Amino acid sequence: HDILLPSGDQLASFNTDASLNNATLALSLQANDYRIDTQTVLRSLQLTLHGNMAQHELNATAQLKNNQQILLHARGGLSVAAQLGDTQWHGSLTELSGTGALPFNLNSATSVTLSKEYIALAAAELSVAGGKISLKRNEWTPHHWRSRGSFTGIGLRFAQLAQTKRIASEAQEALRLGGTWDISSAAQLTGDLHLFRESGDLRLSGAPPFALGLEKLQLTARA
């Protein structure tokens with residue numbers, strides 16, 4: 001029978017196995033067919049953890065509804081505080097990649113800090129949609145968050161071309177964008193977003209496809 005969650009969402013199955021032997025921790029978890037209403041958003045999730053409380057490794061594989069697969073590998077440990085709410089996990093994200101409609105990859109390891117009241121991701125660079133995204137600063141608390149970074153060479157049609165295997169000829173013609181952002185939120189949202197055309201054109205479907213002839217495109221938003 002399906003598992004009904006308190007939120008009203010459903011899981012087709014959920015299995016977990018954990019052991020603690022001489023301070024050595026081993027955990028495995030598997031979940032299948034996570035649905036919101038009647039729509040499947042997560043086909044499967046597999047997670048394993050091994051090590052001890054102070055130093056362990058985590059591996060996760062997720063299969064989404066659109067055949068997008070996400071892989072994650074991290075290593076780190078818990079710093080247990082006197083107040084449980086102050087307990088913090090600190091470590092490094094060594095792999096984060098995706099295949100399918102939107103391929104992406106974390107280019108190098110980056111440090112991560114997690115706690116009930118604070119989440120921080122150090123500088124990181126990802127390859128995505130034929131370009132790169134550079135994350136400069138990303139922090140969250142219950143009362144404030146900030147994200148700052150830049151991107152270059154992001155192709156608007158890259159995901160579609162990747163599925164149709166016409167990357168070599170047509171991906172070079174895809175509209176590619178660059179930009180920067182610096183956004184934060186406390187009492188209100190503030191920051192700016194700057195987006196601009198770097199190369200390529202936007203082609204509309206048809207027989208034959210029709211190019212708009214874009215030579216310049218810029219968008220600046222401030223709050």
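Predicted model: local features only at pLDDT ≥ 70, side-chain atom pairs only at ≥ 80, totals over all residues.

Tutor: Let's start with Arg-35 and Asp-33, whose side chains meet in a salt bridge with N and O 2.7 Å apart. A salt bridge here is a side-chain nitrogen of Lys or Arg within 4 Å of a carboxyl oxygen of Asp or Glu. Residues are numbered from 1 along each chain as its sequence is written, and side-chain values use heavy atoms, with hydrogens and water left out.

How accessible are the two partners? Arg-35 has 11% relative accessibility and counts as buried, whereas Asp-33, at 23%, counts as partly exposed. The cut-offs are these: buried means under 20% relative accessible area, exposed over 50%, and partly exposed in between (1.4 Å probe, protein chains only).

By the salt-bridge rule, the count comes to five. Another of them joins the side chains of Glu-57 and Arg-75, at 3.6 Å from N to O. Glu-57 belongs to strand E5 (residues 56–64) and Arg-75 to strand E6 (residues 69–79), so this pair ties together parts that are 18 residues apart in sequence. Strands (E, at least two residues) and helices (H or I, at least four) are DSSP runs, numbered from the N terminus. Glu-57 is partly exposed at 26% relative accessibility, and Arg-75 is partly exposed as well, with a relative accessible area of 33%.

A further salt bridge links Lys-132 with Glu-125, where the closest N and O atoms are 3.9 Å apart. Lys-132 is partly exposed, its relative accessible area being 40%; Glu-125 is also partly exposed, with 28%.

You will find Thr-110 in strand E9 (residues 110–115), and at 5% relative accessibility Thr-110 counts as buried. Leaving aside neighbours within four places in sequence, Thr-110 is in contact (heavy atoms within 4.5 Å) with residues including Gly-91, Leu-93, Leu-121 and Ala-123. The side chain of Thr-110 reaches the backbone oxygen of Ala-123 at 2.9 Å.

Key:
Polar contact = N/O pair within 3.5 Å; in protein donor to acceptor, adjacent residues only side chain to side chain.
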